[in-house]
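Please read the following report alongside the sequence and the coordinates, which are shown first.

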Amino acid sequence: MSGPEIFVIIIVALLLFGAEKLPDIAKTVGKGMRDFRKATDDIRREIETSTVDFRKDLTDVSESIRHDVTTYTDKITNDVKDVSQSIKNDMNDVTSEARQGMNDMSASINNDAAEIKENIAKAAEEPATAKEEPIETKEDNDVSTGFYREVKE
């Protein structure tokens with residue numbers, strides 16, 4: 001409430017009750033407000049004292065949960081690190097085995113290629129041999145080879 005509102009209320013109270021009764025009314029209102037404030041303080045104090053145990057239990061449960069969550073979080077983090085390291089080690093093992101296999105295969109291919117080159121070089125040095133001529137007798141045409149073969153009757 002602002003100043004003019006309080007002033008209007010005082011004037012209305014003065015007109016209704018008169019100047020003689022106004023101090024008694026103010027005294028009674030003041031005493032009522034003091035009793036009301038005392039009662040609200042008592043209620044507040046009673047609520048606080050009755051909830052102390054509840055708040056303590058709530059704090060204990062909260063701390064216990066916080067501790068458990070921290071413990072499990074640390075455990076999970078360590079497990080994830082262990083699994084990650086295990087996967088990395090397994091990948092390194094597989095990769096090294098694959099590299100070794102590729103190196104072995106590459107060496108084998110290079111050896112085979114060297115043998116083939118050597119065989120080609122030898123074949124190039126040998127004199128050419130005469131090719132077989134087809135036999136021309138009673139024939140049975142063998143289409144797959146292009147040669148005729150002799151048929152005995």
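## A residue and its patch

In which helix is the place of phenylalanine 17? In this predicted model, phenylalanine 17 has its place in helix α1, which covers residues 3-17. With a relative accessible area of 45%, phenylalanine 17 is partly exposed, and together with Val8, Val12 and Leu16 it makes a nonpolar surface patch of about 400 Å².

## Overall architecture and confidence

The protein has three helices and two strands, arranged along the sequence in the pattern α-α-α-β-β.

The average pLDDT of the protein is 82, and 82% of the residues score at least 70. Confidence is highest in helix α3 (residues 52-125), with a mean of 91, and lowest in strand β1 (residues 139-142), with a mean of 50. Where pLDDT is low, the predicted coordinates should not be read in detail.

## Salt bridges in helix α3

The count of salt bridges comes to five, and one of them joins the side chains of aspartate 60 and lysine 56 at 4.0 Å, N to O. These two residues lie four residues apart in helix α3, about one turn of the helix; aspartate 60 is partly exposed at 43% relative accessible area, whereas lysine 56 counts as exposed at 51%.

Glutamate 63 and arginine 66 also meet in a salt bridge, at 2.6 Å, N to O, and they are three residues apart in helix α3, so about one helical turn separates them. Glutamate 118 and lysine 122 form a salt bridge at 3.8 Å, N to O, and both lie in helix α3, four residues apart.

Notes. Residues are numbered from 1 along each chain as its sequence is written. This is a predicted model: local features need pLDDT of at least 70, side-chain atom pairs count only at pLDDT 80 or more; totals for chains, interfaces and linings use all residues. Side-chain values use heavy atoms; hydrogens and water are left out. pLDDT is the predictor's confidence in each residue, from 0 to 100. Patches are made of residues with over 30% relative accessible area and no salt bridge: like charges are joined within 9 Å, nonpolar side chains (Val, Leu, Ile, Met, Phe, Trp, Tyr) within 5 Å. Accessible areas come from the Shrake-Rupley method with a 1.4 Å probe; for residues, only the protein chains shown count as cover. Buried means under 20% relative accessible area, exposed over 50%, partly exposed in between (1.4 Å probe, protein chains only).
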